[in-house]
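Hello,

Here is the structure I promised to pass on to you. Have a look at it first, and then read my notes below.

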Amino acid sequence: MSRLVAVSNRVGSLRGATRAGGLAVALAEALQTRRGLWFGWSGEVVEQSADQVRRQTAGGVTRATVDLTTVEHDDYYNGFANACLWPLFHYRLDLTSFDRRFYDSYQRVNRRFAHALIPLLRDDDLVWVHDYHLLPFGDMLRDAGCEQKLGFFLHIPFPVREVFTTLPMHDRLARALMAYDLIGFQTDGDVQRFRDYVLREAGGRRDGDTLTAYGRTVTVKAFPIGIDAEQFAEMAASDEAGRDAARLKAAIFNRVQIIGVDRLDYTKGIPERFHAYQTLLENYPDTHGQISFLQIAPTSRGEVPEYIHLRHELETLAGHINGRFAQLDWTPLRYINRAITRRQLAGLYRMSRIGFVTPLRDGMNLVAKEYVAAQDPDDPGVLVLSRFAGSVKQMPAALIVNPYDTAGVAETLQKARHMPLAERCARYQELMKGLIENNVGKWSDDFVGTLERLGAEMALA
Ligand code: ADP
């Protein structure tokens with residue numbers, strides 16, 4: 001079995017993986033099975049020269065990390081990755097910075113990382129690169145002589161051609177992507193959009209799952225990421241998770257609880273969600289004193305100006321809604337601006353009758369999946385899900401909403417509130433079946449298995 005080398009902007013902790021959840025768990029498991037190597041940024045920022053690679057091995061898995069300099073952190077990470085690619089790929093051209101300096105830094109960091117990894121590679125390694133921070137990483141490995149099989153997975157959406165081409169360097173990024181042997185996206189929609197770009201802008205050719213352009217042939221497929229649904233369900237049902245949930249239950253006097261959980265990010269549609277909740281309170285006075293909305297949104301990327309602005313906006317909105325509707329014994333909206341443990345989160349999902357997940361654009365959205373997995377099978381809650389989340393294709397039994405349609409979302413919340421037990425159970429069962437079938441272990445197995453088979457096919461050819 002080939003060794004797996006995972007490359008991501010941040011290298012997760014192997015020990016704390018169950019707490020971290022999501023990608024960290026999925027990768028840690030795949031790496032353990034294949035006695036792998038995990039390479040990327042250490043999370044440390046230093047003033048100067050960050051070339052040293054630190055290695056640490058535990059349980060058969062090696063973490064190899066490099067630091068970023070302050071300038072790289074500003075220009076590559078906060079700059080090109082989070083102030084250019086992130087907003088652009090989520091259709092927020094209005095928030096996108098097209099500063100050339102950021103791109104130059106992005107290229108330099110990718111090259112530096114690639115050169116740091118090369119000496120650590122073995123001939124038959126499978127290299128799996130993750131996400132928008134590292135689009136040209138594979139191309140730079142190839143430039144440095146790498147012949148190993150290279151896979152890339154994009155965790156965020158791939159935008160329509162008209163949006164992607166607003167990037168002055170779109171052609172160079174697309175060309176660089178073709179250095180991989182396998183490119184994975186979250187949904188078929190993302191695959192189609194990437195294909196459309198390559199066929200129309202780069203004069204590429206398609207043959208089934210493969211695309212040929214810029215002198216290379218690449219396999220392009222959707223691998224929708226999942227969660228460990230059974231483990232999450234167990235955690236949600238644990239006594240420990242129940243304790244925090246019970247505290248909240250007492251505080252809200254058994255009112256119908258609506259929950260929203262997101263990183264504080266403009267793609268998540270949190271202000272729109274607050275407006276929809278306000279419209280619910282306006283249009284359906286029978287909700288007064290009967291429901292309670294808990295929004296948990298820890299600050300992320302707090303150094304990027306748009307995120308600071310969003311935080312202020314939400315504080316103002318939350319104050320406004322409570323100021324207008326609260327009664328002496330009823331707080332309509334609780335807004336918590338910090339992270340909580342996964343176990344606490346699982347307990348809170350479980351006691352919430354409605355999971356309110358309304359991103360304006362999202363590659364997948366794991367909160368939607370976690371909310372469903374956490375439900376009590378005998379008395380499950382209802383998932384209200386944005387049509388613009390990647391997870392929507394796999395979760396048609398949710399109540400699907402358009403997050404821009406404030407009145408429509410309010411109406412759907414009211415419907416969710418009154419949904420009979422039999423319908424809640426039927427929807428939950430259908431959703432949970434999908435989550436178990438497409439869990440996160442299957443996601444990483446599918447990707448790595450596909451990459452490995454491509455290798456075998458290449459060797460036979
Ligand atoms: P994104 O990757 O864009 O942040 P996802 O919904 O795909 O969005 O994944 C978010 C992950 O972060 C989920 O696993 C979720 O449980 C976790 N998370 C989000 N908010 C919090 C919070 N307040 N406390 C703890 N974990 C959180």
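Before we start, one term: contact means that heavy atoms lie within 4.5 Å. Helices (H or I, at least four residues) and strands (E, at least two) are DSSP runs, numbered from the N terminus. Please keep in mind that this is a predicted model, in which local features need pLDDT of at least 70 and side-chain atom pairs count only at pLDDT 80 or more, while totals for chains, interfaces and linings use all residues. Residues are numbered from 1 along each chain as its sequence is written, and side-chain values use heavy atoms, with hydrogens and water left out.

Let's begin with helix α16. Which residues of α16 are buried? They are Arg424, Cys425, Tyr428, Leu431, Met432 and Leu435, where buried means under 20% relative accessible area, exposed over 50%, and partly exposed in between (1.4 Å probe, protein chains only). An α-helix has 3.6 residues a turn, so residues three or four places apart point the same way. The buried residues of α16 pack against α9 (229-236), α14 (366-373) and β15 (382-386). On the other side of α16, Ala422, Gln429 and Lys433 are exposed.

Next, the ligand. Of the 16 residues around the ligand, Arg263, Lys268, Ile340, Leu366 and Glu370 come nearest; a residue counts as near if one of its heavy atoms lies within 4 Å. A backbone N or O atom of Ile340 is 3.0 Å from a ligand nitrogen atom, and one of Val367 is 3.3 Å from a ligand oxygen atom. Taken alone, the ligand exposes 570 Å², and the protein buries 80% of that (areas by the Shrake-Rupley method, 1.4 Å probe).

Gln107, in helix α4 (residues 100-117), counts as buried because its relative accessibility is 18%. Gly59 sits in the loop between β3 (54-58) and β4 (61-69) and counts as exposed, at 59% relative accessibility. Leaving aside neighbours within four places in sequence, Gly59 is in contact with Gln32 and Arg35.

Enjoy exploring!

Notes. A polar contact is a pair of N or O atoms within 3.5 Å; within protein, one must be able to donate a hydrogen and the other to accept it, and residues adjacent in sequence count only if both atoms are side-chain atoms.
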